[in-house]
Amino acid sequence: MHRFSTLSVFCLLPLLSACAPAGRPVRPRPAHAPSIDTLTLRAHTFFLAHDLLRGRATGSHGAAVAANYIVSECRRLGLEPVGGSFMHAVPLELSVPVAGGTALTVFAPNGDSARFTLQRDFVPTGGTRASLRGFAGQLVWVGGADEIRERPEALPTLSGAVAVTAGAVRRPAAEILARHGAVGMVHLIADTGTYRLHTASRGRDFLVLTDTTVRSSFFPPIPAVIAGPQLSRALVAAARRGGTVRVTLDLERRPVHAANIACLLPGADERLGDTALVFTAHYDHLGIGTPDERSDSIYNGFSDNAAGVAMLLAIAEEVRNTPERALRHSVLFLFFTGEERGLLGSDYFVARPPVPLSRMRALINLDAGAPPARPWHWRVAGGTGNPLGALAKDVAASHGWSVTTSPATANSDYYPFAQEGVASVFIIPRLPYQGLSADSSQALQRRWDRYHQAADEFYEEFPFAGLQRYAEFAYLLALAVDRNPGRIE
Ligand SMILES: [Zn+2]
């Protein structure tokens with residue numbers, strides 16, 4: 001069977017100009033379509049996902065180099081600083097649990113107790129400065145996130161109790177538990193492999209915003225720990241018998257310097273130029289982590305989210321260099337830090353905006369990975385019940401593409417803005433890709449999807465046509481808002 005699952009075959013397809021090796025001119029495109037340059041996307045992702053930047057962890061040297069690169073590119077494109085600066089500091093603090101003073105103890109009603117160890121048995125889930133702390137209370141079983149959300153009225157009394165949940169529970173289920181009086185949560189993970197994934201992805205330290213007045217749109221309002229298999233068994237037994245739990249957290253703290261970046265292209269129209277169309281992408285990634293089977297410990301974040309940054313810069317270049325497509329609105333390009341650590345940069349930006357949020361007409365977030373072929377089906381998260389979602393459907397239809405919408409969730413940086421009432425969407429490419437069967441599309445995605453793995457890095461043979469299409473759709477949507485501002489009110 002002939003499948004387009006290998007690149008050699010893939011690159012024979014004459015339409016995929018992204019396969020052209022660096023240095024060869026890009027194929028000209030019809031005048032009506034924006035011409036996002038694949039060589040530009042290639043160059044930006046090559047730099048940002050390079051091992052020298054060591055995975056761009058928030059607050060790291062590599063992230064600072066990435067930030068300087070982005071500012072340098074904004075300057076080259078003639079974009080302007082916002083509120084006097086391209087960089088906007090995000091005050092953070094690194095909190096590292098100290099093993100000796102950090103423990104979890106389970107008490108039976110008769111006073112018997114068992115003490116459990118950080119990492120081996122449990123890990124804190126992270127949180128804000130207010131919620132990253134110890135807690136204690138009676139263990140009360142509440143079930144999984146779905147049950148909590150669907151039948152909150154069936155919850156037992158939780159006043160002063162610690163809610164025991166099946167699996168990890170995030171907002172909004174955690175908010176329901178907090179409203180019912182729970183003072184903390186323990187999330188049971190019965191399977192060793194799943195527990196390892198949780199511990200590996202959470203790391204051994206936590207970043208929190210030092211400004212406690214900033215509301216987190218990501219972390220639950222109460223403290224929580226993830227419990228491994230052995231502890232999970234002990235907690236189930238103790239909860240059944242009316243036992244209690246005590247978690248003590250001893251944290252070593254040090255300040256971390258990180259920054260969001262804001263670059264502005266003033267609008268052509270005096271009246272509309274007062275209002276901005278906003279493109280957002282986070283530039284941080286996971287940094288150095290657990291080595292994979294190739295002994296690679298650098299989590300480069302090519303598709304997550306060097307690709308998003310590259311698309312924003314390529315869109316900026318396209319808007320800047322194509323006077324006939326000049327936008328009447330101003331265009332604001334925002335590059336966030338701290339996304340991987342729980343939307344820290346975007347939460348802070350929304351709380352302390354250098355531009356009033358009321359002046360943002362629409363926001364388009366790019367952070368869904370780099371599609372390895374041209375998408376023509378899209379999910380627009382945040383587009384449900386939002387005029388921007390309806391407009392995205394029309395834009396897609398006019399190109400023979402399709403859009404489904406879904407409500408906004410805390411899965412990327414558009415969410416804090418959506419919460420504050422800014423028309424905000426997150427464009428997500430869907431399968432199958434244009435001209436490919438469902439099977440071929442899946443095979444291609446399996447080959448290239450390395451979400452949160454060390455292997456998510458720059459490959460010369462990666463086909464950039466999909467990323468080009470992704471950026472084009474974002475640009476076309478912004479253009480549609482610019483031409484029909486009345487539709488986004
Ligand atoms: Zn991401």
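Two strands are said to pair if DSSP finds at least two bridges between them, and the strands themselves (E, at least two residues), like the helices (H or I, at least four), are DSSP runs numbered from the N terminus. The model described here is a predicted one, in which local features need pLDDT of at least 70 and side-chain atom pairs count only at pLDDT 80 or more, whereas totals for chains, interfaces and linings use all residues. Residues are numbered from 1 along each chain as its sequence is written.

Strand 1 (residues 87–97) runs antiparallel to strand 11 (residues 251–265), and eleven bridges join the two. Strands of a sheet pair through backbone hydrogen bonds, either parallel or antiparallel.

Eight strands form an open sheet with mixed pairing, and their order is 3-2-10-5-6-7-9-4. At its edges are strand 3 (113–117) and strand 4 (122–124), each of which pairs on one side only. From one strand to the next the twist averages 30°. Inside this order, strand 7 (residues 184–188) and strand 9 (residues 224–227) run parallel and are joined by four bridges, and M185 has A224 of strand 9 as its bridge partner.

Helix 7 (residues 229–240) lies across strand 2 (103–107), strand 3, strand 4, strand 5 (135–143), strand 6 (162–166), strand 7, strand 9 and strand 10 (244–248), and runs at about 85° to strand 5. Such angles run from 0 to 180 degrees between N-to-C directions, the axes being lines fitted to C-alpha atoms, for helices over the stretch in contact.

Strand 9 also holds A227, a residue that is buried, with 28 other C-beta atoms within 10 Å; a residue counts as buried if 20 or more other C-beta atoms lie within 10 Å of its own, as exposed if 12 or fewer do, and as partly exposed in between, the C-beta atoms being placed from the backbone. Leaving aside residues up to four places away in sequence, A227 touches D121, F122, V186, H187, L188, I189, S232 and L235, where contact requires that the C-beta atoms of two residues, placed from the backbone, lie within 7 Å. A227 and L104 are 123 residues apart in sequence, yet their C-alpha atoms are 9.8 Å apart in space.

The C-alpha atoms of V380 and F302, which are 78 residues apart along the chain, are separated by 22 Å.

The axes of helix 10 (residues 387–397) and helix 13 come within 10 Å and cross at roughly 115°, which makes helix 10 roughly perpendicular to helix 13; angles under 35 degrees count as roughly parallel, over 145 as roughly antiparallel, 65 to 115 as roughly perpendicular and the rest as oblique. L391, A392 and V395 of helix 10 make the contact with L476, L477, A480 and V481 of helix 13.

Helix 8 (residues 302–321) also packs on helix 13 (residues 465–483), at an angle of about 55° and with the axes 10 Å apart, so helix 8 is oblique to helix 13. This crossing, too, is right-handed, and the contact joins A307, M311, A314, I315 and E318 of helix 8 to L467, Y470, A471, A474 and Y475 of helix 13.

Notes: Left-handed = near helix turned anticlockwise from the far one by under 90°.
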